Amino acid sequence: MSGKEFFVNRYREFGWEFRPVYARQAIRINQTNSKGKNLLERLRTAGADLMKVPFLESGYWVGKSKVSVGATVEYLLGLYSIQEAAAQIPATLFSTLKNKLVLDACAAPGGKTVHLADLMDNRGAIVALDINSRRLIALKNHLERCHVRSAVVYALDARKASSLNLEFDRILLDVPCSGNFASDPQWFSRRTLKDVERNAKVQREIIAESTKCLADEGEIVYSTCSLEPEEDELNIDWAVKNLNLQTESINTPGENGLTQVFEHRLDSSISLCRRIWPGETQGFFVCKLKKRVGKQ
Amino acid sequence: MKVLEDFASKFGGKIVLNSEFILEKGGRYYLLNPTLRKVTHADFYYAGLYLGKVKKGIFFPSFNYLKMLCNVATNKVVLDGKAAWLFICGRDAFLNGILKMQGSRKRGDFTMVVNEFGECLGFGKVVDNFDMPRKEVVIENVLDVGDFLRRES
């Protein structure tokens, strides 16, 4: 079960009509590093065409520019990061972050780790995990470039997070996923339903393991850039029914999470999740979960 | 943390770091805040503010450390926009691109290199006496922030 027609028919069944979309380049201003530096004016003077992303506080889309935003002095000094607009949403969904102990369970290449550190104003601590050695190098370079002071990185599989013997107030699960066609033009020829199911299984293992390390009243933000419900709503439905977690309402663009997927009727609270079909951003799925206290 | 202090002194600067919050692993030095120190186990991959590494007896600073050093160094050159751009592309600095020079002007000495906004671009070595330059290149590029692009390519 693969191919463009197969997946496009699925999307139609979920209420979205396929159209070709390509993810727009975006930047996120690192507020901590860029205070008082007139960053936008400097970038515009250098020839960057920037448009504010309406649903993000620090995000700007990059239009046709005379300058490559990945090679400016300001970029190299960590004043901003290149981060797709939808990918800038997850870190902003936690209720409070300053002075918290935060787990970024699948951290590399570090865009969201740096975003968390920025939102925390480098106060508190972030424990960032990843296992891919190439991506770990990208992560440490990203942390150094952005002068992050509050993160510790372990080369550790997120499915072994409890071996750290730490209890986290906040957990970001930007889990490895199948991706979507907006960020990968070859996606339809590369992916099969088998890949999706394999990823969904790993994702459940990561959610289950992370929940073991979550403090009472602690929060998890779960996100993928997959449009496939196996990796999104079905996983969250499973988590809500099996892991003492509840979905929380979030204020972010997108449609309500699906509550009917094929023959599966999901928990009604799954509608609090957000499904962002490709358009202004790449395809994305995000939700916030909270640990229930005193109930099993 | 002699290695860190010795490096700072090459720029006429002094940095005092609380050794209680510095971790060394495999020749790499990291500065940790107290909260982070509590959750950092011995098998970490990267932690806190990376300060630099010692390889074959030579200290290679991180850009975090250079940024800290920039605030205290007395040896400093300020480059104009074009020279700053060329410097982060790995090029040396020419006399006509230098807006300001502070501290040592002596051949062989190290100097921090900053842009017109005072942001640290890296460091270099004085290759010709400033007072009576005979060559066009006066600051040899030793390390610049363009390294972030080069190291992953």
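Trainee: In strand 2 of chain B, what is the bridge partner of Lys25(B)?

Mentor: Lys25(B) has Arg28(B) as its bridge partner in strand 2 of chain B. This is a predicted model: local features need pLDDT of at least 70, side-chain atom pairs count only at pLDDT 80 or more, and totals for chains, interfaces and linings use all residues. Residues are numbered from 1 along each chain as its sequence is written, while chains are lettered from A and ligands numbered from 1 in the order in which they are written.

Trainee: What makes strand 1 and strand 2 of chain B a pair?

Mentor: Strands are DSSP runs of E with at least two residues, helices are runs of H or I with at least four, and both are numbered from the N terminus. Two strands pair if DSSP finds at least two bridges between them. Strand 1 and strand 2 (residues 28-31) of chain B are joined by 4 bridges and run antiparallel, so they meet the definition of a pair. Leu23(B) has Tyr30(B) in strand 2 of chain B as its bridge partner. The hairpin of these two strands has 2 residues between them, and Gly26(B) takes a positive phi near 60° there.

Trainee: Why are strand 1 and strand 5 of chain B said to stand at the edges?

Mentor: The open sheet holds 4 strands of chain B in the order 1-2-4-5, with antiparallel pairing. Strand 1 (22-25) and strand 5 (58-61) each have a single partner strand, so one side of each is left without a neighbour in the sheet. Neighbouring strands are turned by 25° against each other on average, direction ignored. Strand 2 of chain B is also joined to strand 4 of chain B by 4 bridges, again antiparallel. Leu31(B) stands opposite Leu49(B) in strand 4 of chain B.

Trainee: Which strands does helix 1 of chain B lie across, and how does it run to strand 5 of chain B?

Mentor: Helix 1 (residues 2-9) of chain B lies across strand 2, strand 4 (49-55) and strand 5 of chain B, at about 75° to strand 5. The angle, on a scale from 0 to 180 degrees, is between the N-to-C directions of lines fitted to C-alpha atoms, for helices over the stretch in contact.

Trainee: Which residues is Asn33(B) in contact with, leaving aside its neighbours within four places in sequence?

Mentor: Contact means that the C-beta atoms of two residues, placed from the backbone, lie within 7 Å. On that basis Asn33(B) is in contact with Gly48(B), and also with Arg149(A) and Ser150(A).

Trainee: How many residues does each chain give to the contact between chain A and chain B?

Mentor: Chain A gives 25 residues and chain B gives 29. Helix 6 of chain A provides the largest share of the chain A side, 7 residues. That side divides into 16 nonpolar, 4 polar and 5 charged residues. Here nonpolar means Ala, Val, Leu, Ile, Met, Phe, Trp, Tyr, Cys and Pro, charged means Asp, Glu, Lys and Arg, and the others, Gly among them, are polar.

Trainee: How do you know that strand 7 of chain A pairs with strand 3 of chain B, and in which sense?

Mentor: They have 2 bridges between them, in the antiparallel sense, with strand 3 covering residues 46-47. Val153(A) stands opposite Tyr46(B) in strand 3 of chain B. Leaving out residues up to four places away in sequence, the residues that Val153(A) touches include Leu136(A), Leu139(A), Phe44(B) and Ala47(B).

Trainee: What are the residues that touch the most other members of the largest nonpolar core?

Mentor: A nonpolar core is a set of buried Ala, Val, Leu, Ile, Met, Phe, Trp, Tyr and Cys residues joined through C-beta atoms within 7 Å. In the largest one, with 125 residues, they are Ala105(A), Leu129(A), Val153(A), Leu173(A) and Val113(B). Helix 3 (residues 63-70) of chain B gives the largest share of this core, 6 residues.

Conventions: Buried ≥ 20, exposed ≤ 12 C-beta atoms within 10 Å, placed from the backbone.
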